[in-house]
Each structure stands twice: as C-alpha cells, then as structure tokens.
Amino acid sequence: MKRGLITALAIAKKDLQTELRTKESINASASFALVILVLFSFAFDLGREELYAIAGGLLWLVFSFAGALIVNRSFARELPNDCLDVLIASPAPAWSIFLGKSVAAFFLLFIVELISLPVFGLFYNIHWTQNFPGLLLVMALATWGITVVGTAFSAVTVNIRLRELMLPVLLYPILIPLLIGAMGTTTALLQGEPMSGEAIASLRLLIGFDVIYTSLALYMIEFILIV
Amino acid sequence: MREKAIYLLAILAALVMIPNLKTVFMDLPDEAMQGAIYRIIFIHVPAAINAQIFFTVSLITSILFLVKKNFVWDSISVSCIEVGTMLVLVNLVTGSIWGRNQWGIWWAWDLRMTSQLMCFLLYLGYLLVRPAIAEPTQRATLSAFVAIFAYADIPLVLMAIRLPNVRTQHPGPVLETGTMAKEFHAPFGLGVLAVFLICTALILIRQHQETAQREIDSLRRELHSI
C-alpha cells in the first residue's frame with residue numbers, strides 16, 4: 001500500500017515534470033479555455049444580474065472542456081516509444097499508475113482553472129475574490145471528479161480508434177451530476193452567498209461523486225490497463 | 001433451443017399484449033381530467049420500468065464478464081443495453097407526446113425527464129464506443145467497465161437533479177403517493193409483462209447476432225493468418 005503510494009507520487013512527479021518541460025497540453029488547454037471565455041462574451045449580451053446568475057455554469061463549461069483536453073493526454077502521452085507497455089509491465093501496481101496520472105492531471109487542470117478564473121473575472125466584471133476559500137474548495141472537489149473519471153476513460157480510449165472523439169462522448173454524460181453540483185455552488189458563491197443549505201447539499205454531492213468514482217476506478221483500473 | 005425460446009416468448013408476449021391492448025383501448029373508460037390520452041401510461045411507464053430492469057441486468061453481466069471472462073456475459077450486456085436504450089427512447093418520446101398534450105410543451109427540464117435523458121446519453125456513449133474497439137477481449141472488457149461506470153452514475157444523477165428547487169411537472173400522485181384506480185392495476189401490470197417478454201425475445205435475438213458476429217470475426221482473423 002505504502003509502496004504503491006510512493007510509486008503513484010513518482011508517476012505524478014514524472015508526468016508533471018514532462019508536462020512542465022514540454023507544456024504541450026497545458027498551453028493548449030489554457031489557450032482553449034481563454035478562447036471559449038472570449039467566445040461566450042459574443043454569445044450572450046447580458047446585464048449584470050443575469051451574468052452573475054449564469055457565471056457558475058459558464059465557468060464549469062470552460063473548465064470541463066479544458067479538462068477533457070488535459071486528460072486526453074494522460075495515457076496518450078505514454079504511447080510513443082511503447083512507454084505505456086513498459087509502465088504496465090513494470091512492478092508498479094495498476095492502481096498506482098492510475099492514481100499518479102490522476103494527481104498529475106488534477107494539478108494541471110487546477111493550474112488552468114487558476115489562470116482562467118481571474119481572466120473570467122476581468123472580462124465579465126465579476127468579483128470572484130469574495131468567498132474565495134469556498135470557491136477553491138468547490139474547484140478542488142469538482143476538478144478531482146473530472147480528472148479521476150477523465151483519466152479512467154483516457155485509459156479506456158487510449159488504444160481505440162477515434163480516441164479524441166470518444167473521450168468526450170463517454171466523459172461528459174458521466175460528469176453531468178458533478179457539473180450540476182459544481183455549477184450551482186459556484187454561482188451561489190460568486191453571488192456572495194455564504195456556504196449554507198443548498199451549497200452544502202451540492203458539496204455533499206461532489207464529495208459523494210469523488211468517493212464513488214475514485215474507489216470504483218482504483219478498484220477496476222487493473223482490468224482496463226491489462227487487456 | 002434458443003429459437004424455440006424466442007418463438008415461445010414472442011407468442012406469450014402476443015397473448016398477453018393483444019387482449020391487454022383491447023382492454024386499454026376498448027374497455028377502460030376515459031380518465032376524468034385527461035380524456036383519452038392517459039392511455040399512453042400503459043406504454044410509457046412499462047418502458048421505463050423495463051429499461052431499468054435491463055440496465056440492472058447489464059450491470060450484473062458486466063461484472064460477471066470481468067470476473068469470469070466468458071463472452072456470453074458480454075453478449076448479454078450489450079443486448080440488454082441496446083434494448084434498454086431503445087426503451088428509454090420510447091419512454092422519452094411517449095412522455096414528450098403526453099406532455100405536449102397535457103402541459104402544452106414538448107419538453108420540461110423536470111426531474112424525471114432529466115434523469116431519463118441522462119440515462120439515454122450515458123448508454124448512448126456505451127453503444128458508440130463499442131464498435132470503435134476492434135479486438136474482442138478488449139472490446140468486451142472496456143465495454144463492461146463503461147457499463148459499470150454508467151450505472152454508478154444513475155443514483156448520482158437522481159441526487160443531483162433534486163438539488164436546487166427543481167419544480168416537477170409530473171403529477172404528485174405519480175411521484176409520491178402513487179395511487180391508481182383499481183381497474184387500471186391489471187392492464188398496467190400486464191403492460192409491464194408484455195414489454196418485458198417482447199424485449200427478452202429481442203435480447204435473445206440480439207445476443208445470437210453478437211455471438212455469430214464474434215465467430216465470423218475470429219474465422220476472418222484465422223483466414224488472414226493463413
């Protein structure tokens with residue numbers, strides 16, 4: 001167990017290091033997020049109140065699009081030079097490979113989110129700094145949900161035709177409950193409401209989603225990687 | 001043996017369904033508030049109930065495939081999911097028609113409708129990803145994984161759509177108290193049974209196709225290797 005966790009940490013570190021050196025998915029993902037943010041401003045012509053009412057929704061659409069780009073590379077990164085086969089053949093258990101990759105994807109997506117959030121606030125004149133700790137908590141929980149399910153499906157789609165197309169088709173329907181929860185809470189927090197009632201219920205949903213899918217993925221990833 | 005079972009199921013389904021349709025359309029009186037349209041309930045709800053049954057079967061057979069690695073379980077999973085997805089579509093379409101008639105709108109984002117639509121999208125993903133995987137063992141394993149992930153999402157979807165104050169368009173008795181006039185009980189139950197029998201026959205046919213397809217594929221591969 002402990003050795004598995006150390007291996008997971010090593011894999012996360014390796015992934016982050018590769019990514020920070022090449023910056024291939026983080027650059028693409030961050031600029032994609034910015035483009036979508038700009039596009040939204042042409043899609044809607046909204047007053048201040050209305051904008052606050054849909055702010056959470058906009059933000060999470062951007063984050064989930066950016067997330068799909070990042071997790072898509074999680075396992076695909078290992079394809080050149082047959083690195084994936086070597087990883088699977090190594091003594092590292094499948095779950096720690098998966099956990100390491102999820103952690104790396106989590107940090108990458110979180111960085112993209114932290115870049116887009118101020119830009120969002122700036123473009124749309126939204127005060128995102130009120131309730132910032134609460135917002136960070138929601139972002140962390142929902143981002144973990146996106147990356148853990150995304151990395152699992154990235155393992156499913158890594159060897160199949162039309163990989164880039166299949167991942168979103170599988171990923172987004174599963175993420176719907178998570179995104180409903182995250183969007184609602186984020187909107188409430190951006191409007192300056194305190195963490196209470198409905199927001200707590202959404203938070204519970206996010207935690208439930210994370211726990212269910214993290215355990216399910218850790219338990220089942222062995223079947224997926226070794227076929 | 002299988003063919004006999006399929007014919008038997010189809011005949012049984014016809015024997016249940018035809019008299020039941022007669023009861024529903026000829027014998028039962030119109031409903032006091034809705035008039036004739038309420039009869040859609042005898043298709044609408046059985047489709048939803050049976051879809052859930054078949055999705056649950058597919059969850060069990062997917063787990064069995066991962067444990068036993070027997071392709072029979074995989075072929076049952078895919079057949080159940082195909083038929084189940086079709087049933088959800090029937091449920092959505094009939095519900096939409098009913099809604100147009102009663103509420104004046106084709107679609108409302110109420111809790112039942114949203115959850116059924118999510119179900120449809122989840123399993124649509126399964127049906128789309130399956131043909132993209134060429135190698136049979138890989139296809140079966142990855143599909144089983146997707147089926148289990150999709151099923152785990154259903155309770156979460158149900159939780160999520162209850163979150164904000166979702167106003168439901170569905171009538172209260174359907175969702176909470178659940179009372180139906182006594183004379184509707186028998187045709188309703190028989191409706192569920194008839195859909196179940198027809199769909200089981202469809203699943204057996206589809207499962208046979210799936211098995212035959214796998215055999216053809218393996219023969220083709222053998223031919224290529226010679």
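**The interface and a surface patch**

Tutor: Start with the contact between the chains. Chain A and chain B bury about 2800 Å² between them, with carbon and sulfur atoms giving 83% of that area. Keep in mind that this is a predicted model.

Student: How many residues of chain A are in contact with chain B?

Tutor: Contact here means heavy atoms within 4.5 Å. On the chain B side, 30 residues take part. They touch residues of chain A, and the number there is 30.

Student: How many salt bridges and how many residue pairs in polar contact link chain A and chain B?

Tutor: Take the salt bridges: the count between the two chains is zero. Now the polar contacts, with both residues at pLDDT 80 or more. Across the interface of chain A and chain B, the rule finds three residue pairs.

Student: Which helix gives the largest share of the side of chain A that touches chain B?

Tutor: Helices α6 (132-157), α7 (163-190) and α8 (198-225) of chain A each supply at least two residues of that side. The largest share is 13 residues. It comes from α8(A).

Student: Which element gives the largest share of the nonpolar patch?

Tutor: The patch covers about 650 Å² of surface, and its residues include A:V35, A:F42 and A:L122. Two elements give two or more residues each: α2 (24-43) and α5 (94-124) of chain A. The largest share, four residues, comes from α2(A).

Student: Is A:V38 buried, partly exposed or exposed?

Tutor: A:V38 is in helix α2 of chain A. Buried means under 20% relative accessible area, and exposed means over 50%. A:V38 has 32%, so the residue counts as partly exposed.

Note on methods. Residues numbered from 1 in each chain as written. Chains lettered and ligands numbered in written order. Predicted model: local features only at pLDDT ≥ 70, side-chain atom pairs only at ≥ 80, totals over all residues. Heavy atoms only, no water. Patch = residues over 30% accessible without salt bridge, like charges linked within 9 Å, V, L, I, M, F, W, Y side chains within 5 Å. Areas by Shrake-Rupley, 256 points an atom, 1.4 Å probe, with all protein chains shown as cover. Salt bridge = Lys/Arg side-chain N within 4 Å of Asp/Glu carboxyl O. Buried < 20%, exposed > 50% of the residue type's maximum accessible area, 1.4 Å probe, protein only. Buried area = accessible area lost by both parts, 1.4 Å probe. Polar contact = N/O pair within 3.5 Å; in protein donor to acceptor, adjacent residues only side chain to side chain.
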